[in-house]
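Good morning, and thank you for making time for this item. I would ask you to look at the chain on the screen while I go through its helices and a few individual positions.

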Amino acid sequence: MRTVTIQRPVVDLKSTGAQIKSLRIKSGYTVHDIQAVFGFEYPQAVYAWESGKSIPTIDNLLVLAHLFDAAVEEIVIQRMIEIEVSCVSNKIEKLCNKNCNDCKLRLSA
């Protein structure tokens, strides 16, 4: 068994929030408009999204994408982090082989 470091995407909450706010403004909606669309009693959920304190559910992201005429991938901003993975099964071994520089060198030789 060996351990390798691979890149994994994660949601960047702050950048996603800023993107939601930017797309909302670009689309001409107010926070209260978005609140009304979702039927929220208070606008705090929308403010939490825009500040990066929370992220909309998948269902709510689909609604936002429709409202903003944008793909979900345009709304959700991702960044890459490095994680260590132990190659303990055949499936993980394949992932390690794809991401391990030593393996890439061996495969290209």
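I begin with the side of helix 4 that faces outward: Ile58, Asp59 and His66 are exposed there, where exposed means over 50% relative accessible area, buried means under 20%, and partly exposed lies in between, with a 1.4 Å probe and protein chains only. Helices (H or I, at least four residues) and strands (E, at least two) are DSSP runs, numbered from the N terminus.

Before going further, the basis of these values. This is a predicted model, in which local features need pLDDT of at least 70 and side-chain atom pairs count only at pLDDT 80 or more, while totals for chains, interfaces and linings use all residues. Residues are numbered from 1 along each chain as its sequence is written, and side-chain values use heavy atoms, with hydrogens and water left out.

For the overall picture, the protein chain has seven helices and two strands, arranged along the sequence as β-α-α-α-α-α-β-α-α. Of its 109 residues, 30% are buried. If we take the contacts (heavy atoms within 4.5 Å) between residues at least 6 apart in sequence, 67% of them join residues at least 24 apart.

Let me return to helix 4, which spans residues 58-68. Which of its residues are buried? They are Asn60, Leu61, Leu64, Ala65, Leu67 and Phe68. Viewed down the axis of helix 4, these buried residues lie within an arc of 165 degrees, so they line one face of the helix; the arc is that of the directions from the helix axis to the C-beta atoms. The cover over the buried residues of helix 4 includes helix 1, helix 2 (31-38), helix 3 (44-51) and helix 5 (72-75).

One of these partners is helix 2. Helix 2 and helix 4 pack at an angle of about 125 degrees, and their axes are 12 Å apart. Axes here are lines fitted to C-alpha atoms, for helices over the stretch in contact, and angles run from 0 to 180 degrees between N-to-C directions. The two helices are therefore oblique to each other; angles under 35 degrees count as roughly parallel, over 145 as roughly antiparallel, 65 to 115 as roughly perpendicular, and the rest as oblique. Ile34, Val37 and Phe38 of helix 2 make the contact with Asn60, Val63, Leu64, Leu67 and Phe68 of helix 4. By type, the residues of this contact are seven nonpolar, one polar and no charged. Here Ala, Val, Leu, Ile, Met, Phe, Trp, Tyr, Cys and Pro count as nonpolar, Asp, Glu, Lys and Arg as charged, and the others, Gly among them, as polar.

Helix 2 also packs on helix 3, at an angle of about 120 degrees and with the axes 9 Å apart. That angle makes helix 2 oblique to helix 3. On the helix 2 side we find Val31, His32, Ile34, Gln35 and Phe38, which meet Val46, Tyr47, Trp49 and Glu50 in helix 3. This contact divides into six nonpolar, two polar and one charged residue. Within helix 3, the buried residues are Val46, Ala48, Trp49 and Glu50, and what covers them includes helix 1, helix 2 and helix 4. Just after helix 3, Gly52 takes a positive phi of about 80 degrees.

Which residue has one although it is not a glycine? Asp69 does, at about 50 degrees. Most residues other than glycine have a negative phi. Asp69 sits in the loop between helix 4 and helix 5 and counts as exposed, because its relative accessibility is 72%.

Leaving out residues up to four places away in sequence, Val72 touches Leu61, Leu62 and Ala65.

Finally, strand 1 and what follows it. Val10 lies in strand 1 and is buried, with a relative accessible area of 18%. Its contacts outside four places in sequence are Ile77, Gln78, Arg79 and Ile81. Val10 and Ile81 are 71 residues apart along the chain, yet their C-alpha atoms are separated by 7.1 Å. Asp12, in the loop between strand 1 (3-11) and helix 1 (13-26), is buried at 18% relative accessibility. Beyond its neighbours within four places, Asp12 is in contact with Ile77, Gln78 and Arg79.
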